Amino acid sequence: MAEYRLDPWGTAVRVEYEKLFKVFGIKPFSDLVPRVEKVLGDALHLMRRGVIFGHRDFDKILDAYERGERVALVTGFMPSGKFHFGHKMVADQIIYYQRKGFEVFVVLADAEAYAVRRLPRQEIIRIALEEYVANLIALGLEKKRLHLYFQTNYETPYYRLIQMFSRKVTLAEMEAIYGELEPAKIMAALTQAADILHPQLEYFGGFKHVVVPVGADQDPHIRLTRDIADRFENELGLRRPASTYHRFMTGLDGNKMSSSRPEYAIFLTDPPDVAARKLMRALTGGRATVEEQRRLGGEPEKCTVYEFYVYHLIPEDTELRRIYEKCRSGQLLCGECKRMAVERLKKWLEEHQKRLEKARDKIHEYVEPPKF
Ligand code: SF4
């Protein structure tokens, strides 16, 4: 089989989802949705709609939840740019699990942003607070059952863990997972392993079952972390984390949504008119002419506007299905459909930005920033 490797620090993002199932043993999430509904009460729209498409051992998290054992979610953000709707998709997952009673550990990966993205420290800290923390609060993150921290400003046992992990991992093994490495990436990978595994330590409240929601490109970190957990099972009582995998949100031109391509991403701080203009220019799954679209129907699967509906703008599944069918049958044309999306987006942003203003006053109640 030809080598297939994911690059967690790369920018190209053509992930071949089928290969993840075949090569890396990730299981389809769709099989678990009915059980999620039964055990957790309801499934997040991202689960029901296949945006969260894969998992490792998430069934064990549901087993633990059913038995009344402690469960935690660990995730993080690299604060290297503005908070966009791709980030919101992760925030929606954090808030969902927090409401279901999971403890949530959210890491602000400032060490990684410094080492890998090479941004100045003060800029990273400002972005983390003003963009990430403020938006998370405005989206509904609560202080209960929350551990929100900067990688460079946390508790001593967390750093001890990074040092201990370095003893039981070889360079050859890391290169097999990540490809070419440099010290900054080795540090970043071991730090991420500590981010994921530290909630199980006695010092951080004792054992809990951990799930990590990630984009498919982050799977190398998960595999390394699961191996490390095995090696420290006896010494520290660590157990393998579970993981779930979500699809990427596409940029408005059909490539990756990224803060570094601001014209193709919608930020949660974009003035509603600016966001509306971006969405009106977005790539759709429409046909070349109106006549063709009436005859053949549109292709919502290729449409970035439809993706916005799926991920963010339409909570009700029946309404989403109605749009899908009208598009496929050629009854709905892209101009009308975009205007509808723009109206929903503007309304959502106006309300969110009011909450954001209030959230800014609360940032320091949620997290302590590093001193330098
Ligand atoms: S009608 Fe709407 S969903 Fe269908 S391709 Fe056009 S913009 Fe996309």
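Me: Which residues are around the ligand in this predicted model?
Reply: The model is predicted. The residues around the ligand are Thr284, Gly285, Gly286, Gln293, Cys303, Tyr306, Cys327, Leu332, Leu333, Cys334 and Cys337.

Me: How do the residues of the shell around the ligand divide into nonpolar, polar and charged?
Reply: Cys, Leu and Tyr count as nonpolar, and Gly is among the polar residues. The shell includes Cys303, Tyr306 and Leu332, as well as Gly285. The division is 7 nonpolar, 4 polar and no charged.

Me: Where does the ligand sit?
Reply: A molecule sits in a cavity if more than half of its atoms lie within 2 Å of the cavity's grid points. On that basis, the ligand sits in the largest cavity.

Me: How far apart are the end C-alpha atoms of helix H17?
Reply: Helix H17 covers residues 334–360, which is 27 residues. At 1.5 Å a residue it should span 39 Å. The end C-alpha atoms agree with this, being 37 Å apart.

Me: Which helices do the buried residues of H17 pack against?
Reply: Buried residues of H17 include Cys337, Ala341, Leu345, Trp348 and Leu356. Lys338, His352 and Gln353 are also among them. Their packing partners are helices H5 (85–99), H7 (121–139), H13 (272–280), H15 (304–313), H16 (317–328) and H18 (363–366).

Me: How many residues of H15 are buried?
Reply: Buried means under 20% relative accessible area. H15 is mostly covered, and the count of buried residues is 10 of 10.

Me: Is Arg118 buried, partly exposed or exposed?
Reply: Arg118 is found in the loop between helix H6 (110–117) and H7. Its phi is positive, about 60°, although Arg118 is not a glycine. Most residues other than glycine have a negative phi. The cut-off for exposed is over 50%; because Arg118 has 66% relative accessibility, it counts as exposed.

Me: What is the phi of Arg145, and where is Arg145 found?
Reply: Arg145 counts as partly exposed, at 33% relative accessibility. Phi of Arg145 is positive, near 50°. Arg145 is found in the loop between H7 and strand S5 (146–150).

Me: How far apart in space are Glu175 and Ile186?
Reply: Glu175 lies in helix H9 (residues 171–178) and is partly exposed, with a relative accessible area of 34%. Glu175 and Ile186 are 11 residues apart in sequence. From C-alpha to C-alpha, they are 9.6 Å apart in space.

How values were computed. Residues are numbered from 1 along each chain as its sequence is written. This is a predicted model: local features need pLDDT of at least 70, side-chain atom pairs count only at pLDDT 80 or more; totals for chains, interfaces and linings use all residues. Side-chain values use heavy atoms; hydrogens and water are left out. A residue is near a molecule or strand if one of its heavy atoms lies within 4 Å of it. On a 1 Å grid over the protein atoms alone, a cavity is a set of points where a 1.4 Å probe fits but cannot get out, and a pocket is an open set with protein on both sides within 12 Å along at least five of seven lines; lining residues have an atom within 4 Å of a point. Helices (H or I, at least four residues) and strands (E, at least two) are DSSP runs, numbered from the N terminus. The expected span of a helix is 1.5 Å times one less than its number of residues. Buried means under 20% relative accessible area, exposed over 50%, partly exposed in between (1.4 Å probe, protein chains only). Contact means heavy atoms within 4.5 Å.
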